[in-house]
Every structure is written in structure tokens, then in C-alpha cells.
Amino acid sequence: MSRFDSYFLMKEKDVPEYVMEKVDFFDKNSELTCKEIGDGNLNYVFRVKDQISGKSIIIKQAGETLRISSEMSISMDRGRIEARILGLQEKSAPGLVPKVYLYDEVMCAMIMQDMVGHTMMRTGLMNHEIYPLFADHISTFLVNSLISSTDIVMEHKAKKELVKEFINPELCEISEDLVYTEPYNNQNNRNNVFPPNLEFVKKELYNDKNLHLEVAKCKFDFMNNAQALVHGDLHTGSIFINKEHTYVFDPEFAFYGPMGYDIGNIIANLMFAWSNGDATIEDDKEKEEYCNWILDTIENIVDLFIEKYNVYYENNVTEIMAKTEGFKEWYLGTILRDTAAVAGLEGIRRIVGMANVIDITQIKDEDKRARAEKICISAAKRFILDRNNYTDGKSYRKTIEEVAKEF
């Protein structure tokens, strides 16, 4: 009988034994070391490495409560969802997600490929690294993984079975609260507002009733539009990257929702990276190069998504009514509208909500941080309120550049 036959939260000392018991990855004579490397809010992530061969592997275990708050408990089923969706995404977007070797339903742990030679994208962007192929890679991932899971491509009953399988109520509730509700009213007193911007936040977010109406519309679309199997938390902390390659991982928030939720998250998090570069890079030439690359990337992601969407649609759509003249363009319009809205929602919640981003919080100069936050909030509001007008990449660039001149 194994001590891993019933659940417990593993420590570093437990994990090498666990790996040797569960998968045939390391030689029996390996000299294994283990280090916890996770910095997320939900799970415990360990790297096990053989000091002889240099081989390594990742173990990700779900805890019973959020690391960000012991008062918030969530379903342990999220690990199964993550392992399952990574398998589906490997089929639709091969090479752009890490391989899963095992999911253990008892220990709520996943054993997966170590993305050696890659850096968490948020870390790289905090160092103002440039990744020239990212827009091409992520747009391919988005088109292939999202559209393949919709009713316009899948047999309808098969798609409905996936909707049932990926009902993810606890993690969706976190998004419903932290993205679509609390940043606009602080109803649970969990918002983290930078004190110099408190009055600005009250005026622009808490007291703007027109904004609340539009966010309410977006919230109910999020809860009811089972359009595609979305990653659900696709920020730069969910991407490992180098100059030549990109991996998307950490899809435990996956569920059937609007495609724009994933695309908009990427745009917002690139806006945070732009804000950090704008605030912290002292050399003018370096700042211009980095910030322009970020804006180019935002622009290219949207435009490449549209371009690849059109090709994928023509080659893969099976639903006969979706082939009606004009439908392809209408359907794309719904995706782009939702993308803009979510870029705004994520842009706001990561500034004032419970889970802030280090791109902003680690700007040491208080005046520069306050300015960066105002830029993000103001641009985000435009994305939400004028979401029908963001139909290409340059519209995002124009907004960020215009708002930056206001502060």
C-alpha cells in the first residue's frame, strides 16, 4: 500500500518519491532534487531534477484553498480539467502546449513536461525582453484551439458533451466576482487600490453607472455564452516563452465561454507590460524600441487572428447555416467585440482588484506607478464602453497612445 493512496498536500521532500512511484521517467539510480517553483494563486508547482542526467519534470498539485486567500476554497477537480484540456489543445494546436504524462485523481496532481529553455513570459517582459515570434504563435494557438471547439466546426451533440464536461462553476465564480463585479463596487472589501489613486478609482470606476451597466451586460454574456472551450486565464504568467518558441499552459479555469475572453486577456496583459516599460526604462532608445514592440505585438495579434480566422473558417466550418453569406463576418464581429470588452475588464481588475500584477506593483516611483495605473484604467474603460469599435489591431494601439498623452 502506498502513502499516496489518499490525498495530502505534498512538500518538497515528498515529491521525488511520488514521481518515481507514478511514472517511468527517471532511471532507478537517479539522484533527484526537488524545488517548489510556483508563484501562482491556486496551486503548488514543483520541479524534480536528476543531478546525473539533467532530466527534469514538473509536478503540479491542487490545494484545497487558494494560496491567495485561505478563506476561499475551490473544487479539487480543477486539475482534471487542466490535464484534459491540455490534451485537447495538444491535438488542435500541436507543439504550443506542454505534454501531460499523468493526472492522479487521488492526489489531485499532474505530472507534466518541464518547459526547459523557456521563461515565464511575465518575467521576461519585466526584464523588457522582446519575443519577435509571439504574435504569430499566440494567434495560431487562439484560432486553432478556440474555433475548433465551437458549433460551427464540431458536431453539435459532441460539443454539448464537452460543455457538460467542462462546467467549472467554482473557478468561473472566481472570475465572475473578481473580474466582473468587485472592481466596480468593492462589495467584499477585497480590492487593492493604490492609495494615491483612490479618488480616481472612486470617480472612474465606483461611481460610473454607465460603466456598471456595460460591465453587467458583459458579465451575463460571460456566464451564458458557451461559444468555445476557452483557456479562462490566459495571461503572461500562463505562457512560457523564448525567442523561437511559445508554450501555453495552466488552463485550470477552462470552460465553455466567449472566445474573446482569452484574446482580451492577452491584450490587457501586454498593456501592463507596455506600462511597465514606459514607466521604468530610463534609456529613451531602449524604451522606444520595447514599447513600440509591445504595441506592434498587440496590433499584430488582433490582425493575425482575423487573418487566420478567415482561413480556418473557410477550411474547417461544417455547420451549413454558418456558411450563409455574411455569417462569417458577423461571427467575427462578436469575437472582436468580446475581445475588446475583456481587454478592458482584465485591464481594470488587475489594477484595482484582488490579484494585482507585478508589472504595475513593482514600479517603484509612486508618481510613475500612479500614472501607469491611470493609463490602464482609462484605456480599459474605452475598450469596454466602445467595444463595438475595436475591429482591428491599430485601434488598440491608438487608444493606448492617446490615453498616455492625457497623463
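**Entry 1. Helix α8**

I began at the start of α8, where a side-chain oxygen of D208 comes to within 3.2 Å of the backbone nitrogen of N210. I counted a pair as a polar contact when N or O atoms lie within 3.5 Å; within protein, one must be able to donate a hydrogen and the other to accept it, and residues adjacent in sequence count only if both atoms are side-chain atoms. The model is predicted, so local features need pLDDT of at least 70 and side-chain atom pairs count only at pLDDT 80 or more, while totals for chains, interfaces and linings use all residues. Residues are numbered from 1 along each chain as its sequence is written, and side-chain values use heavy atoms, with hydrogens and water left out.

I took helices (H or I, at least four residues) and strands (E, at least two) as DSSP runs numbered from the N terminus. Helix α8 has 16 residues, 209-224, and at 1.5 Å a residue it should span 22 Å; its end C-alpha atoms are 23 Å apart, which agrees. The expected span is 1.5 Å times one less than the number of residues.

I then asked which residues of α8 are buried. They are L211, E214, V215, C218, K219 and F222. They cover an arc of only 145 degrees around the axis, which puts them on the same side of α8. The arc is that of the directions from the helix axis to the C-beta atoms. An α-helix has 3.6 residues a turn, so residues three or four places apart point the same way. On the other side of α8, I found K209, F220 and N224 exposed. Buried here means under 20% relative accessible area, exposed over 50%, and partly exposed in between (1.4 Å probe, protein chains only).

The buried residues of α8 pack against α6 (169-178), α7 (198-206), β10 (255-257), α9 (260-280), α11 (327-352) and α13 (366-385). Contact means heavy atoms within 4.5 Å.

**Entry 2. Partners of α8**

I looked next at α6, whose buried residues are L171, C172, I174, S175, E176 and L178. These pack against α2, α8, β10, α9 and α11.

In helix α13 I selected K381. At 8% relative accessibility, K381 counts as buried. Leaving out residues up to four places away in sequence, K381 touches E204, L205, D208, L211 and I348.

**Entry 3. Second largest pocket**

The second largest pocket has a volume of about 200 Å³. Of the 14 residues that line this pocket, I167, C172, M223, F255 and Y256 are the closest to its centre. The elements α6, α8 and β10 give two or more residues to the lining.

On a 1 Å grid over the protein atoms alone, a pocket is an open set of points with protein on both sides within 12 Å along at least five of seven lines, whereas a cavity is a set of points where a 1.4 Å probe fits but cannot get out; lining residues have an atom within 4 Å of a point. Grid points are joined across faces, edges and corners, and a volume is the space filled by probe spheres set on the points.

I located H231 in the loop between β7 (228-230) and β8 (239-241). Is H231 buried or exposed? At 1% relative accessibility, H231 counts as buried. Its side chain reaches the backbone nitrogen of L234 at 3.4 Å. A polar atom of the H231 side chain also lies 3.5 Å from the backbone oxygen of D250. Beyond four places in sequence, the residues that H231 touches include F249, D250, P251 and D262.

D250 itself is found in the loop between β9 (246-248) and β10. D250 is buried, with a relative accessible area of 14%. Its phi is near 65 degrees, a positive value in a residue other than glycine. Most residues other than glycine have a negative phi.

The largest cavity holds about 50 Å³ of space. Its lining includes N43, R78, Y103, C108 and E252. β3 (56-62), α2 (78-92) and β5 (109-113) each supply at least two residues of that lining.

I followed C108 to the loop between β4 (100-104) and β5. C108 counts as buried at 9% relative accessibility. Its phi is near 50 degrees, again a positive value in a residue other than glycine.
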